[in-house]
There are 2 protein chains.
Amino acid sequence: MAEKKIEFRSIGIIHTPYKESAPNQPIEDAEGSFSIVVAPVFQEGLYLLEKFRYIYVIYHIDRLARRVNMVVKPPWAGGVQVGLFASRSPLRPNPIGLSIVRLKKIEENVIYTSGLDVFDGTPLLDIKPYIKDLDSKMDADYGWIEDLDNRDHLILHIKGIPHEY
Amino acid sequence: MAEKKIEFRSIGIIHTPYKESAPNQPIEDAEGSFSIVVAPVFQEGLYLLEKFRYIYVIYHIDRLARRVNMVVKPPWAGGVQVGLFASRSPLRPNPIGLSIVRLKKIEENVIYTSGLDVFDGTPLLDIKPYIKDLDSKMDADYGWIEDLDNRDHLILHIKGIPHEY
């Protein structure tokens, strides 16, 4: 059952300041310009999207060609090993990226957003509205991160709070 | 730029009680058994996933063959028209489904979850942990839903609260 092939296509291009390295997660007040250029044929599909504060951006992680491993050591996690699917590693069997960003404005077929954690030129696969209650789970947890010695430090990273240590 | 083809493959199969019709969104206490059978070659990638209360399930919406329209009328929305990307309609240029579900238990390569809003046999593309703060946006909104006359009724649907009207 692991062999069935599924074909998607790029519906636009994501533009970020990141040419050589990109952050591990979206940073809401990252410096620089972040925009998603949707192919003109899909522009009408953006109608009323601007009403939402947050959106899901789904994209093809197309710049990584390294081997996919089933066990990974996430950055900042002090060397702890976890299963790939218990991580947000970009090296996955299907390199589908998922980022939640703040929507700033839409001008024709261009969506301006808060910081995206992808390389400039990343192919867009889909955009979905992030809907209160449906997507914002108040009782979510940190999973295995809660068991780590440096839990509080990691949570600063997850929250995107700048810190010096 | 809308022509670049991207190939993914199924990494497992989702099992639900839904053979002929499926709900429009995950219902947390839906009746019946919901499980995700991950291909054995990927089983090691599930290590420590069970620590998370919620997970993202990403799948191929493979049972819909109707035409994709850029403007849609979401169910329950009283006939209002919105752009496709401002909706969670399953009829999208790239039929990638995204559901957040509660993780109940993992036994070998099988993940048991709360209610999933997909047909039985749906191909799995990816699983990601849903991480507090990173994914749970406390200031998310309802977008265009807030402008509707029957807003309160719609929000009951979004929250999955049973109601008689």
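Two strands are said to pair if DSSP finds at least two bridges between them. In this predicted model, β1(A) and strand β1 (residues 5–9) of chain B pair in the antiparallel sense, with five bridges between them. Within that pairing, A:Glu7 has B:Glu7 in β1(B) as its bridge partner.

**Architecture of chain A**

- Chain A contains nine strands and one helix.
- The order of these elements along the sequence is β-β-β-β-β-β-β-β-β-α.
- The C-alpha trace of chain A spans about 50 × 40 × 35 Å along its principal axes.
- Of the 165 residues in chain A, 42% count as buried.
- Considering contacts in chain A between residues at least 6 apart in sequence, 76% join residues that are at least 24 apart.

**Relation between the two chains**

- Chain A is superposed on chain B by a rotation of 180° with 0.0 Å of shift along the axis, and the RMSD is 0.0 Å.
- This is the relation of a two-fold axis.
- Both copies use the same surface, as 100% of the contact residues of chain A recur in chain B.

**The contact between chains A and B**

- Chain A contributes 67 residues to the contact, and chain B contributes 67 residues.
- On the side of chain A that touches chain B, two or more residues come from each of β1 (5–9), β2 (12–15), β4 (54–60), β6 (82–83), β7, β9 and α1 of chain A.
- β9(A) provides the largest share of that side, with six residues.
- Sorted by class, the side of chain A that touches chain B comprises 39 nonpolar, 19 charged and nine polar residues.

**The nonpolar core**

- The largest nonpolar core holds 85 residues, and those touching the most other members are A:Ile55, A:Tyr56, A:Val57, B:Ile55, B:Tyr56 and B:Val57.
- At least two residues of this core are supplied by each of β3 (35–38), β4, β7 and β9 of chain A, and by each of β3 (35–38), β4 (54–60), β7 (96–107) and β9 (122–129) of chain B.
- Leaving out residues up to four places away in sequence, B:Tyr56 touches A:Leu98 from chain A, and B:Leu98, B:Ile100, B:Ile127, B:Lys128 and B:Tyr130 from chain B.

**Strand β3 of chain B**

- The covered face of β3(B) carries B:Ile36 and B:Val38, whereas B:Ser35 and B:Val37 lie on the uncovered face.
- β3(B) pairs with strand β2 (residues 12–15) of chain B in the antiparallel sense over four bridges.
- In this pairing, B:Val38 in β3(B) stands opposite B:Gly12.
- β3(B) is also joined by three bridges to strand β8 (residues 110–113) of chain B, and these two strands run antiparallel.
- Here B:Val110 in β8(B) stands opposite B:Val37.

**Loop residue A:Phe119**

- A:Phe119 belongs to the loop between β8 and β9 of chain A.
- A:Phe119 is classed as partly exposed because 19 other C-beta atoms lie within 10 Å, while the buried class requires 20 or more.
- Although A:Phe119 and A:His15 are 104 residues apart in sequence, their C-alpha atoms are 7.6 Å apart in space.
- Apart from neighbours within four places in sequence, the contacts of A:Phe119 are A:Thr16, A:Tyr18, A:Ala22 and A:Arg63.

**Residues with positive phi**

- Most residues other than glycine have a negative phi.
- A:Glu108, which is not a glycine, has a positive phi of about 55°.
- A:Glu108 sits in the loop between β7 (96–107) and β8 (110–113) of chain A.
- A:Glu108 counts as exposed because it has 10 C-beta neighbours inside 10 Å.
- A:Asp133 is likewise not a glycine and has a positive phi of about 75°.
- A:Asp133 sits in the loop between β9 (122–129) and α1 (151–159) of chain A.
- With 14 other C-beta atoms within 10 Å, A:Asp133 is partly exposed.

Notes:
Residues numbered from 1 in each chain as written. Chains lettered and ligands numbered in written order. Predicted model: local features only at pLDDT ≥ 70, side-chain atom pairs only at ≥ 80, totals over all residues. Buried ≥ 20, exposed ≤ 12 C-beta atoms within 10 Å, placed from the backbone. Contact = placed C-beta atoms within 7 Å. Nonpolar A, V, L, I, M, F, W, Y, C, P; charged D, E, K, R; others polar. Core = buried A, V, L, I, M, F, W, Y, C linked by C-beta atoms within 7 Å. Least-squares fit on C-alpha atoms with pLDDT ≥ 70 in both.
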